[in-house]
Amino acid sequence: MIPTIKSPQDYIAYRISPHDTNRLAIIFDPEIAAASLTFCVEIFDPGGKTPPNRHNIAVEMFFILKGEGKAICDGKTVTIQTGDSLLVPPTGIHEIHNTGLGRLYTLCFMVPNEDFVELIRSGTRVELDEEDFRVLTGNRCTINDY
């Protein structure tokens, strides 16, 4: 089997609801991975957050690429920053808040998919901007390089 390789210019980003303060750029999904998983980059504007949510059977993991914030799960609050990882168990009511001055970037991994990618795609397609590309490429290039 040949591995699938994607670059940031291949990622398609969505805002689930028009008033959301976060965007999700899909990297891999069940169709591409041939497995029930969703892997995306979640980008939070300053002051942005997810609404409280839970998953019945899925485990969700966040890896903080850049920024700082707080995570709340079942009433417990922890601070998160670049390099931290957060694992949310099934049924945990959770939310992520960007408490920093800039954007918060997280890798988000959900297994099984539990209709997550379908929810993301039901939203409005949005573009990644130059700052997003700098973070996603480790500053090696910008949107103009694509």
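**Legends to views of a predicted protein chain**

**View 1. Fold of the protein chain.** The protein chain holds three helices and ten strands. Helices (H or I, at least four residues) and strands (E, at least two) are DSSP runs, numbered from the N terminus. Their order from the N terminus is β-β-α-β-β-β-β-β-β-β-α-β-α. The model is predicted: local features need pLDDT of at least 70, side-chain atom pairs count only at pLDDT 80 or more, and totals for chains, interfaces and linings use all residues. Residues are numbered from 1 along each chain as its sequence is written, and side-chain values use heavy atoms, with hydrogens and water left out.

**View 2. Overall dimensions and packing.** The C-alpha trace spans about 45 × 40 × 30 Å along its principal axes. The radius of gyration is 15 Å, which agrees with the value near 15 Å for a compact globule of 146 residues. This radius is taken over C-alpha atoms, and the globule rule is 2.2 Å times the number of residues to the power 0.38. Of the 146 residues, 41% count as buried. Buried means under 20% relative accessible area, exposed over 50%, and partly exposed in between (1.4 Å probe, protein chains only). Among contacts (heavy atoms within 4.5 Å) between residues at least 6 apart in sequence, 65% join residues at least 24 apart.

View 3. The protein chain exposes about 7900 Å². Carbon and sulfur atoms supply 55% of that area. Areas come from the Shrake-Rupley method with a 1.4 Å probe; for residues, only the protein chains shown count as cover. There are 13 positive and 20 negative side chains. The centres of the two sets lie 3 Å apart. Lys and Arg count as positive, Asp and Glu as negative; His and the chain ends are not counted. Each charge is placed at NZ of Lys, CZ of Arg, CG of Asp or CD of Glu.

**View 4. The loop between β9 and α2.** A cis peptide bond joins Val-111 and Pro-112, with omega about -10°. Glu-114 lies in this loop too. Its phi is positive, about 45°, although Glu-114 is not a glycine. Glu-114 counts as partly exposed because its relative accessibility is 26%. Most residues other than glycine have a negative phi, and most peptide bonds are trans.

View 5. Ala-34 sits in the loop between α1 (30-33) and β3 (38-44). Phi of Ala-34 is near 55°, a positive value in a non-glycine residue. With 66% relative accessibility, Ala-34 counts as exposed.
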